[in-house]
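Here's a quick walk through one fold and the spaces in it. Have the model open and follow along.

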Amino acid sequence: MTDLFSPLTIRGVTLPNRIGISPMCQYCCGDDGRPTDWHLAHLLQRALGGAGMVMVEATAVSPEGRITPGDVGLWEDAQIPAHARLAAAIAHAGAVPAIQIGHAGRKASRAPAWVDEPASPGWEITSASNLPMGHFAAPRPMTEAEILDLPAAFAATAKRAVAAGYRIIELHGAHGYLLHQFLSPISNKRNDRWGGDFEGRTRLPLAIAAAVRKAVGEEVPLFLRISHTDWIEGGWSTAESIELAKRMAALGVDLIDVSSGGIDPSQKITLGPGYQVPGAEAVKQGAGVLVAAVGLITEPEQAQAIVTEGKADLVLLARATLRDPYWPMRAAVALGRVDAIRTPPQYDRAWGSIARMGMRLETGSPMPPLG
């Protein structure tokens, strides 16, 4: 039976289990967009904790695509070495290194999440239309030329990511960022070929997916994160998500990472444990694609049921692993699957005595130089 600790093979990559670390913005880079030692320590600990995949936070494809001045970027080759350090460390610890790439659109040029202010100094923001996000500044609508440049920008960033050693690429099409801004009728009021009906609103995300698929080759899995619903009447819907997932799969997108919301403060979200899992299950069943489930998944038994009941193929955790980087090890103990996970030998005195886990001997050797 497929369970939380079953391997998952997608194209040329095998995840050792179905537990992944969601991308979580840290907002602590310099203006150069290069990951820092904070990112290395943060992500390495979660890889050592036993997750099958560790995904680097939303990474900007252009300087103006950053959410904040402290965002990670990969818009130029000079940023590759810092990313290579992250990918190498994650892989050494036994997890598959992955990265999410995106553009913030009208949610750009902000201070860090814990400071509800514009960035200072800031920069011009652009989007599908001139509608602001709540009390944020109003964006300038993108020109045709700017829109046409985006697939190449995403593709170039994806190629750099592969060169850095990331083995999975995820496109950020959720949470009210640029691709979601084009998808949702709440934020896209264009009357040209990039707006209007479903065909127009999905045109740019589909073009970006096609360009990235071509850029990264056939062995690299390609994921897409979506908000399956805006939680607003008249907004983007689960039915549209299912149709989008079908079209993305036809272009070579391998997995849909199903989240929700983020397009407008007027959203009415019904929160609760696993509140987004029904959306993941709907996309999986409706589109016949691999999906990841996210959102208030905190308990091992809860995550196990999502996989064993066929609601999702991969479970992604965020806040639960900020509280406990070793959540996967604890889950293996709780679920009686210590046979499926290995602990670093340096930590065997903590885990071996209570769980008799096998050891990942590779981490007992010196870590390769990280530059």
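## The barrel

Eight strands close into a barrel with parallel pairing, in the order β3-β4-β5-β8-β9-β10-β11-β12. From one strand to the next, the twist averages 30°. This is a predicted model, where local features need pLDDT of at least 70 and side-chain atom pairs count only at pLDDT 80 or more, while totals for chains, interfaces and linings use all residues. Residues are numbered from 1 along each chain as its sequence is written, and side-chain values use heavy atoms, with hydrogens and water left out.

Ala293 has Val315 of β12 as its bridge partner. Strands here are DSSP runs of E with at least two residues, helices are runs of H or I with at least four, and both are numbered from the N terminus; two strands pair if DSSP finds at least two bridges between them.

## Helices on the sheet

Helix α1 (residues 37-48) packs on the sheet and touches β3 (19-21) and β4 (53-60), with its direction at about 150° to that of β4. Helix α5 (residues 198-216) also packs on the sheet, touching β8 (168-173) and β9 (222-227), and its direction makes about 170° with that of β8. Contact means heavy atoms within 4.5 Å; angles run from 0 to 180 degrees between N-to-C directions, on axes fitted to C-alpha atoms, for helices over the stretch in contact.

The largest pocket holds about 1,300 Å³ of space. It has 46 lining residues, and Tyr27, Lys107, His175, Tyr177 and Arg319 are the closest to its centre. A pocket is an open set of points on a 1 Å grid where a 1.4 Å probe fits, with protein on both sides within 12 Å along at least five of seven lines, and lining residues have an atom within 4 Å of a point. The volume is the space filled by probe spheres set on the points.

β12 (314-317) and α9 (319-323) each supply at least two residues of this pocket's lining, and α9 gives the most, with four. By type, the lining of the largest pocket has 25 nonpolar, 13 polar and eight charged residues.

The second largest pocket has about 210 Å³ of space. Of its 15 lining residues, Pro16, Gly94, Ile341, Arg342 and Arg360 are the closest to its centre.

## A loop proline

Pro121 sits in the loop between β5 (96-102) and β6 (126-127). Its relative accessibility is 68%, so Pro121 counts as exposed, the cut-off being over 50% with a 1.4 Å probe and protein chains only.

Definitions and conventions. Ala, Val, Leu, Ile, Met, Phe, Trp, Tyr, Cys and Pro count as nonpolar, Asp, Glu, Lys and Arg as charged, and the others, Gly among them, as polar. Buried means under 20% relative accessible area, exposed over 50%, partly exposed in between (1.4 Å probe, protein chains only).
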